[in-house]
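Subject: Structure handover

Hello,

Here is the structure for your files. My notes on it follow below.

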Amino acid sequence: MDFNDTKEEAKFRKKCRDWLEKNATYKEDSTPQNDDFANKDKMKAAKAWQKKKYDAGWAMLHWPKEYGGIGASSMERIIWANEEAKFDVPKGIFEIGLGMCGPVMMEYASEEQKERYLPPMAEGKEIWCQLFSEPSAGSDVAGLRSKAVQKGDKWIINGQKVWTSGAHFSDYGILVVRHDPDLEKHKGMTFFFVDMKSPGIEVKPIKQITGGSSFNEVYFTDVEIPDSQRLGEIGDGWKVAITTLMNERLAVGDAGGADVEDAFRWAKTQDNLGEPLLNNKAARESIADWYCEKSGLKNTKLRTMSALSRGDTPGPEASITKIVSAGKLQNIGNFGIDSLDMAGMLRTDNNDVKGFQNAWLGAPGMRIAGGTDEILRNIIAERVLGLPQDPRADKGVAFKDIPSGNS
Amino acid sequence: MNLDFSDDQKFLQEEARKFLEKENSLLRNRKVLENQSHFDQELWTKIVMLGWTGIRIPEEYDGLGLGHLELCVIAEELGRFLAPVPFSSSVYLFTEAIIKYGSEEMKKDLLPRLVSGDVIGTLAVTEDLFAPSKDNIKLSCESGKINGKKIAVPDASIATHALVVAKSEKGICLQVADLSHEGVSIEHQENIDESRGHFSITFDGVDTQAIGDEISGWDIYESIINQAAVLFSYEQIGGSQASLDMAVNYAKERYAFGRPIGSYQAIKHKLADMYIALTLAKSNCYYAAWALSTDSADLPSASATARVSAIKAYQLCSQENIQTHGGNGFTWEYDCHMFYRRSKLLSLNLGSLSNWREKLVTSLEQSNIN
């Protein structure tokens, strides 16, 4: 056991770091940045950084050279991400496009389309979003109802998508819709990519409980998509969507925000009935448990990396990451706010307090996005532990005959 | 980056697993529990013959001269199969203490006999129905002679020697006592996991040898405990994995309302939570194993982290394994209770969950995690 890079890894890490040191500055603290891309300057800065990376070959380093990558290994990707995370650079805006839309385009788009769309995606010139969830299709995303009707060499789309991150500033989106409700649920879907500036697309931001708006409702009214923008065969929509969802589960990692270090630092100085909060037994026990969760996730990641470094396929252990970190985030938010007693209600300028309040307000979203706690437990139970699926009421019948309640 | 065991270590683990399976360790555990025989002599003899008692003992003292990582993989298997032997007392605690803190004379005397199984050690620290601390140890030590009583000492009926925490005029000292001394009397104490006997030991003017000096006994004791916590944690994740496997298998086979109970989300989510707790504990154990094998400055926090998560994982996995088995899980006949008992024994033997959480936060204060 050791934590050392192999010779090649060390060489690659140095290369990453040398470039980053020349082109960016180290982060001063671990406070997560505010990624409010409605702010034009932030968007500009994010695009400029992505372009800089692209020009130097760092933007999508695992992609083949012809689309702007350098054909890097998984391990090299991780090393780059580790190093980049130490620097004060914009992030968050291109993740959906590069993490989810990119892989689908890579697998299903024509050669011509790949050459047209992948490089600007990597460069940050064009932003992509993912149009899957619908008002009545969340965890059960295959229950989607937006309609596609074929008309000559075009498709006419009608319906509504929801929870679409970044739709308000995206240029393109990947879209899965129902082309035939008479077929079985998973057989009647088809997959496209769509120009978000197409006539008939209307984007309405959703105001979240945090007060911010990173998600949208997207309405489709007689939107035309050329058949050439179909990804996969007619009826293969679910198969293509699964590729994306698998990538989403890899992309949605740790729930960022206030963590055990923040709770610990806060507890050292925060007064609790005349003593530092850290003298309180309940506070100490909570901090111990969060520390165990945090280091358990960190060491799990190191095990995964060890497998990649050896060239092996990692085990399923990384499947616990989001469920553990999102729950921890919510608990730490509660802990920090409660420590202020009656004053915990107040919005203040104190950065620690803001961090706890943001954690508390944001954590419910983290426990839902990219697979709810419940869906993730099902996935662990069925795919890792091999337990049987629930009997289902939506198999072997036409989609239109599946019970759907009042929604 | 290589947070994993080597191929040789994995091979050793595989061999250990095959051996304990073939030896029917679980059935042996049940027999010891039912007969209150405290340990399985035959299994212990075979373990000694395999050389496991000498894994960490240097070759010059007849041992195998291997590292802590080899001991970790063995510990995981002993935990998985609930081996009813004094391995944790004699190897993780007593032998490790002699290797690290014993005088040369002591090593020459004891280590070869620990390898051969002629010497079996244990640790005697608790005196009353609360946690021992350097302020409440009463058993006295004057010029190496000890007087007083220890309770809840595991494996004392098979042990030949004990490491005894005692109070001298100057402070806390750590003494090695030969249990064949005429001033020693050992009495069985009923306990909640009789597959591993627990005893009181009364020392009446027993001559002992000191490990370390007269004042650093508590620090040495803490250091031994911090090391042993990693090895105990490996037994705990072995037991957790066995409990989870049992629950998963049962959930696939048992039908209710016309389908396997494992197809109900109430059961799936319970089992997923067990997997999550076990994965966190296991990953923390890997890091602690590294810290132990390299004698890292991180060892106190790394071992406490492994220990807290391993206690929690085994507690959850063993109790929810019973729950998944329903009424069957509550019977003596099913093995579920043996894991439930062992999870409690292993969690208490080195001090409780609550006190390990406290140790963890104390170590964070000392190392200043931010």
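**Helix packing in chain A**

H8(A) passes H9(A) in a left-handed crossing (left-handed if the near helix is turned anticlockwise from the far one by less than a right angle, right-handed if clockwise). Helices (H or I, at least four residues) and strands (E, at least two) are DSSP runs, numbered from the N terminus. The contact is made on the H8(A) side by Ser286(A), Trp290(A), Glu293(A) and Leu297(A), and on the H9(A) side by Thr321(A), Val324(A), Ser325(A), Lys328(A), Ile332(A) and Phe335(A). Two residues are in contact if their C-beta atoms, placed from the backbone, lie within 7 Å. By class, the residues of this contact are five nonpolar, three polar and two charged. Ala, Val, Leu, Ile, Met, Phe, Trp, Tyr, Cys and Pro count as nonpolar, Asp, Glu, Lys and Arg as charged, and the others, Gly among them, as polar.

The axes of H8 (residues 281-310) and H9 (residues 321-338) of chain A come within 10 Å and cross at roughly 155 degrees. Axes are lines fitted to C-alpha atoms, for helices over the stretch in contact, with angles from 0 to 180 degrees between N-to-C directions. H8(A) and H9(A) are therefore roughly antiparallel (over 145 degrees; under 35 is roughly parallel, 65 to 115 roughly perpendicular and the rest oblique).

**Basis of the model**

This is a predicted model: local features need pLDDT of at least 70, side-chain atom pairs count only at pLDDT 80 or more, and totals for chains, interfaces and linings use all residues. Residues are numbered from 1 along each chain as its sequence is written, with chains lettered from A and ligands numbered from 1 in the order in which they are written.

**Between the chains**

On the chain B side, 40 residues are in contact with 38 residues of chain A. H8(B) gives the most to this side of chain B, with 17 residues. The side has 21 nonpolar, 13 polar and six charged residues.

**Domains**

Chain A is divided into domain 1 (7-93), domain 2 (129-250) and domain 3 (253-368); the bounds come from an automatic or database domain assignment. Chain B has domain 1 (7-116), domain 2 (121-214) and domain 3 (218-367).

In chain B, the C-alpha centres of domains 1 and 3 lie 21 Å apart. There, 22 residues of domain 1 of chain B are in contact with 22 residues of domain 3 of chain B. H4(B) gives the most to the domain 1 side, with ten residues.

Regards
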